[in-house]
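Q: Please take a close look at how the strands pair in this model. Include the side chains that go with them.

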Amino acid sequence: MMILPLFFIFCLFSSSHAAVQDFCVGDLAAPQGPAGYSCKDPSKVTVNDFVFSGLGIPGNTSNLIKAALTPAFAAQFPGVNGLGISLVRLDMAPGGVVPFHTHPGGSEILIVVQGTIFAGFVSLANTVYSKTLNKGDVIVFPQGLLHFQVNAGGTLATAFASFSSQSPGLQIVDYALFGNNLPTELVAATTFLDAAQIIKLKRAFGGTG
Ligand SMILES: *[C@@H]1O[C@H](CO)[C@@H](O)[C@H](O)[C@H]1NC(C)=O
């Protein structure tokens, strides 16, 4: 049989290029680059780098959006550095919302574990895909697309979401538009909103100008 020897030769060639690295726990003391954090000295790595214990506690929803995101991204959970995965906990009080936002770095898959959440995303063709989700329902938000979650019930809603990135990033449209010092005239010119509405939203989201 010629197939087996050829297979072994192929394995020899394909494995000769790079050393296999089992993990790269993030060195959080160093800055993060496009490829993530540099690796912590393996002799200093402990099991606690691979365990994150913060997701059993509901986040504090006493805020404008009545919602809390508790991330276990590489910056909080150095064990996921280099692995392209991470997790977040979402708590929403009645009336809570995660406004339109995007995670530029990865797709998201979210499972509802308590309450009712209306969630959706908008495609590049500006088609809306949205649905009411109950306990056990899962929705996927493709990478980079704008999406939202709204508590659609009268009780606390909780979900967990995982990402195809160790650092998916989070940009919330309201904060990008109204939570900084972009001049009101520029926001008006680029959004077609009235100045009075923009000033009101700047007050709500902490912006100036
Ligand atoms: C929740 O956040 C609010 C507003 O920042 C704060 O006043 C309150 O003490 C926090 N509650 C807890 C339990 O941390």
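A: Two strands count as paired if DSSP finds at least two bridges between them. The strands themselves (E, at least two residues) and the helices (H or I, at least four) are DSSP runs, numbered from the N terminus. The model is predicted: local features need pLDDT of at least 70, side-chain atom pairs count only at pLDDT 80 or more, and totals for chains, interfaces and linings use all residues. Residues are numbered from 1 along each chain as its sequence is written, and side-chain values use heavy atoms, with hydrogens and water left out.

Start with the open sheet. Five strands build it, in the order S1-S2-S9-S4-S7, and their pairing is antiparallel. Strand S1 (67-72) and strand S7 (138-141) form the edges. Each of these two pairs on one side only.

Seven bridges join S2 to strand S9 (residues 157-163). The two strands run antiparallel. Within this pairing, Arg-89 has Phe-160 of S9 as its bridge partner.

Arg-89 also has a charged contact. A salt bridge here is a side-chain nitrogen of Lys or Arg within 4 Å of a carboxyl oxygen of Asp or Glu. Three are counted by this rule. One of them joins Arg-89 to Asp-91, with the closest N and O atoms 2.9 Å apart. What is the exposure of Arg-89? Its relative accessible area is 7%, so Arg-89 is buried (buried means under 20%, exposed over 50%, partly exposed in between; 1.4 Å probe, protein chains only). Asp-91 is at 0%, and therefore also counts as buried.

Two salt bridges remain to be described. Lys-40 meets Asp-49, with 3.0 Å between the closest N and O atoms. Lys-40 is partly exposed at 25%, whereas Asp-49 is buried at 9%. Asp-41 and Lys-44 meet at 3.8 Å, N to O. Here Asp-41 is partly exposed at 37%, and Lys-44 is exposed at 56%.

A nonpolar patch lies on the surface, formed by Ile-109, Ile-111, Val-113, Val-138 and Val-140. Patch members have over 30% relative accessible area and no salt bridge; like charges are joined within 9 Å, nonpolar side chains (Val, Leu, Ile, Met, Phe, Trp, Tyr) within 5 Å. Together the five residues hold about 360 Å² of accessible area, from the Shrake-Rupley method with a 1.4 Å probe, where only the protein chains shown count as cover for residues. Strand S4 (108-114) and S7 each supply at least two residues. S4 gives the largest share, three residues. Val-113 is found in S4 and is partly exposed, at 33%.

Strand S5 (residues 117-122) is largely enclosed by the rest of the structure, because five of its six residues are buried. S5 pairs with strand S6 (residues 128-133) in the antiparallel sense, over six bridges. Ile-117 stands opposite Leu-133 of S6. The hairpin of S5 and S6 has five residues between the strands, and Asn-126 takes a positive phi near 65° there.

S5 also pairs with S8. Five bridges join S5 to S8, running antiparallel. Phe-121 stands opposite His-147 in S8. Strand S3 (residues 97-102) pairs with S8 too, antiparallel over three bridges. Val-98 has Gln-149 of S8 as its bridge partner. S3 also pairs with strand S10 (residues 171-172), antiparallel over two bridges. There the bridge partner of His-101 is Ile-172.

Aromatic rings come next. Rings of Phe, Tyr and Trp (its six-membered ring) pair if their centres lie within 6.5 Å; planes under 30 degrees apart count as stacked, over 60 as edge-to-face and the rest as tilted. The whole structure holds eight such pairs. In one of them, the rings of Phe-52 and Phe-77 have centres 5.7 Å apart and planes at 45°, so the pair is tilted. Phe-52 lies in the loop between helix H1 (3-15) and S1, and Phe-77 in the loop between S1 and S2. The two are 25 residues apart. Phe-52 is partly exposed at 28%, while Phe-77 is buried at 16%.

Phe-118 and Phe-148 form a tilted pair as well, at 6.0 Å centre to centre and 35° between the planes. Phe-118 belongs to S5 and Phe-148 to strand S8 (residues 147-151), so the pair ties together parts 30 residues apart in sequence. Phe-118 is partly exposed at 29%; Phe-148 is buried at 12%. Ring pairs link Phe-100, Phe-118 and Phe-148 into a cluster.
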